[in-house]
Amino acid sequence: MGLRLPLRRSASFTPDHPALMEVPGPPALKMEANVLIMGAGSVGKSEFIYSHNLTVDGREILFHIWDVPNSQEHAEEGSSEEKRIQWADSFVLVYSICDRASFNILPLKIQFIKAAKEGQSQEKVPIVIVGNKRDLQHQREVSSEEGRLLALSLDCGFYEVSAAEAYHGALMVFHGLAERIPDTKLALKKGTGIRGIVKTMSAVFARKRTDSL
Ligand SMILES: Nc1nc2c(ncn2[C@@H]2O[C@H](COP(=O)(O)OP(=O)(O)OP(=O)(O)O)[C@@H](O)[C@H]2O)c(=O)[nH]1
């Protein structure tokens with residue numbers, strides 16, 4: 001049985017930040033990447049689930065994004081997380097800068113991902129750590145420095161953003177993630193584009209049904 005992707009929402013997305021806009025040049029290589037969004041409850045994961053279509057270094061990348069609500073993650077058997085990790089090429093680990101517990105769980109999660117993925121290949125796993133809710137400075141429990149150091153020690157990208165406040169933050173995250181995904185991983189998906197899109201779209205419909213319950 002194929003994997004059912006419990007996306008919450010999906011939308012096409014046009015970057016509006018000048019640094020990230022498509023610049024005229026040779027036609028971009030069309031590629032796809034599967035991204036798993038992980039993190040504790042209420043850290044703002046669902047702000048990252050729009051289907052992003054970015055052009056980075058001449059590669060036009062369509063991101064298929066899988067975000068699991070925390071409530072669902074706890075309701076499932078342990079093997080489901082492993083399935084999601086196998087499905088993904090790349091990972092966004094979100095914590096809230098106002099919630100230290102959401103930060104503290106990240107090292108274990110990242111080690112779990114690395115053990116699962118790096119056993120299969122010598123390539124580095126593309127992972128970006130995101131400190132969300134940057135606008136809530138007065139409630140900050142995790143300093144920027146701690147986030148940056150964790151990312152450095154685990155060889156991950158790092159961004160602090162306010163995902164709910166500005167698109168720009170989420171866009172920077174996906175741009176940073178794209179830069180960490182090697183061509184070899186993306187190229188594997190060439191030719192399976194239509195199947196991938198159908199999978200993503202049916203997932204959106206499935207999710208809508210769940211939401212309306
Ligand atoms: N102030 C502020 N609030 C945010 C930000 N991002 C998300 N939120 C709020 O945080 C709350 C939780 O966000 P969600 O996106 O539902 O969090 P989640 O991680 O998907 O939570 P689960 O469904 O429990 O897994 C919502 O009320 C959001 O509006 C942000 O950047 N700043």
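Of the contacts in the protein with a separation of 6 or more, 78% are between residues 24 or more positions apart; two residues are in contact if their C-beta atoms, placed from the backbone, lie within 7 Å. This is a predicted model, in which local features need pLDDT of at least 70 and side-chain atom pairs count only at pLDDT 80 or more, while totals for chains, interfaces and linings use all residues. Residues are numbered from 1 along each chain as its sequence is written.

**Overall layout**
- The protein has eight helices and six strands, where helices (H or I, at least four residues) and strands (E, at least two) are DSSP runs numbered from the N terminus.
- Along the sequence you will find the pattern β-β-β-α-α-β-α-α-β-α-β-α-α-α.

**Strand E5 and its neighbours**
- Strand E5 (residues 127–132) is largely enclosed by the rest of the structure, because six of its six residues are buried.
- Ile127, Ile129 and Gly131 point one way from E5, while Val128, Val130 and Asn132 point the other way.
- On one pairing, E5 runs parallel to strand E4 (residues 90–96) over six bridges; two strands pair if DSSP finds at least two bridges between them.
- E5 is also parallel to strand E6 (residues 157–160), with four bridges joining them.
- E5, helix H5 (residues 144–153) and E6 form a right-handed β-α-β unit, meaning that, with the strands pointing away from the viewer, the path from the first strand over the helix to the second runs clockwise.

**Nonpolar core**
- The largest nonpolar core has 43 residues, of which Val92, Leu93 and Val173 touch the most other members; such a core is a set of buried Ala, Val, Leu, Ile, Met, Phe, Trp, Tyr and Cys residues joined through C-beta atoms within 7 Å.
- Helix H6 gives the most to this core, with seven residues.
- Leaving aside residues up to four places away in sequence, Val92 touches Val35, Ile37, Phe48, Val128, Val130, Val173 and Leu177.

**Around the ligand**
- The ligand is surrounded by 18 residues, the closest being Gly41, Gly44, Ser46, Asn70 and Ala164; a residue counts as near if its C-beta atom, placed from the backbone, lies within 6 Å.

Definitions and conventions
Buried ≥ 20, exposed ≤ 12 C-beta atoms within 10 Å, placed from the backbone.
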